[in-house]
Amino acid sequence: MRTQRQVVDYSLQKRAVLRELLAGRVGTYDVCDASPYLKNAARFHGEPTDRRCPICRSENLTLVHYIYGDELKQSAGQARTLTELPVLAMTLREFQVFVVEVCLGCDWNHLVEQYLLGRDGLTGDSDGTSEQDAAGAEGTSRRRREAQR
Ligand SMILES: [Zn+2]
């Protein structure tokens with residue numbers, strides 16, 4: 001999505017939880033505790049994926065997108081379908097999205113990522129990005145990738 005920014009990825013935390021589970025330091029009932037609200041949100045607003053649940057391996061995961069922000073007023077904290085997000089992003093200046101994966105089979109759930117959406121992300125670099133800037137950004141991310149190796 002065009003205005004997506006400040007992405008925080010929680011896959012490391014998720015892997016840590018799965019490791020704890022494999023090691024027997026936490027039980028499945030500790031991590032498979034999706035609330036009825038979360039499961040309803042997954043059923044009615046969820047985004048189906050083709051990724052298998054890491055716990056039961058019999059159901060595919062569903063992604064639920066929760067939105068937060070002052071501009072949302074009474075809608076804050078509600079789940080939205082993925083198709084509704086770009087519309088909101090063009091209407092509002094800034095709001096937070098939390099993506100949670102849920103298994104409707106065994107109730108596994110975990111935060112996947114969070115990010116900001118909204119028109120504020122358009123300022124400056126919407127369509128005026130010069131080639132030089134693009135090259136600079138590419139160089140920076142390449143250096144970052146190399147640093148991680
Ligand atoms: Zn499952």
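Phe98 is partly exposed, at 23% relative accessibility, where partly exposed covers the range between buried (under 20% relative accessible area) and exposed (over 50%), with a 1.4 Å probe and protein chains only. This residue belongs to a predicted model, in which local features need pLDDT of at least 70 and side-chain atom pairs count only at pLDDT 80 or more, whereas totals for chains, interfaces and linings use all residues. Residues are numbered from 1 along each chain as its sequence is written, and side-chain values use heavy atoms, with hydrogens and water left out.

Phe98 is located in strand 5. Strands, like helices, are DSSP runs numbered from the N terminus; a helix is a run of H or I with at least four residues, and a strand is a run of E with at least two. Not counting residues up to four places away in sequence, Phe98 touches Val64, His65, Tyr66, Tyr68, Leu111, Glu113 and Gln114; such a contact means heavy atoms within 4.5 Å. For one of these residues, His65, the C-alpha to C-alpha distance from Phe98 is 5.7 Å, although the two are 33 residues apart in sequence.

The structure holds one aromatic pair. Its members are Tyr68 and Phe98, arranged edge-to-face, with 5.5 Å from centre to centre and 85° between the planes. Tyr68 is partly exposed, because its relative accessibility is 38%.

The protein as a whole has five helices and six strands. Along the sequence these elements follow the pattern β-α-α-α-β-β-β-α-β-β-α. Of the 149 residues in the protein, 34% are buried. Among contacts between residues at least 6 apart in sequence, 60% join residues at least 24 apart. The protein exposes about 9600 Å², and carbon and sulfur atoms supply 49% of this area. Accessible areas come from the Shrake-Rupley method with a 1.4 Å probe; for residues, only the protein chains shown count as cover.

A zinc ion is coordinated at 2.3 Å by the SG atoms of Cys53, Cys56, Cys103 and Cys106. Donors are N, O and S atoms within 2.8 Å of the metal (3.2 Å for Na, K and Ca); water is not among the atoms, so sites may look incomplete. The zinc site is tetrahedral, with angles of 106 to 117° among its four donor atoms; four donors count as tetrahedral if all angles lie between 85 and 135 degrees. The spacing of the donor residues in sequence is C-x2-C-x46-C-x2-C.

The structure holds zero disulfides. A disulfide is a covalent bond between the sulfur atoms of two cysteines. The criterion applied here is a pair of cysteine sulfur atoms within 2.5 Å. The sulfur of Cys32 has its closest cysteine sulfur in Cys106, but the distance is 3.9 Å and therefore too far for a bond. Cys32 counts as buried because its relative accessibility is 14%.

For Lys73, a residue other than glycine, phi is near 50°. Lys73 is found in the loop between strand 3 and strand 4 (79-80), and its relative accessibility of 61% makes this residue exposed. For Asp107, also a residue other than glycine, phi is near 75°. Asp107 is placed in the loop between strand 5 and strand 6, and at 18% relative accessibility Asp107 counts as buried. Leaving aside residues up to four places away in sequence, Asp107 touches Val31, Cys32, Asp33, Ala34 and Lys39.

Definitions and conventions
Four donors count as tetrahedral if all angles lie between 85 and 135 degrees; four count as square planar and six as octahedral if opposite donors are over 155 degrees apart and all others between 65 and 115; anything else is irregular. Rings of Phe, Tyr and Trp (its six-membered ring) pair if their centres lie within 6.5 Å; planes under 30 degrees apart count as stacked, over 60 as edge-to-face and the rest as tilted.
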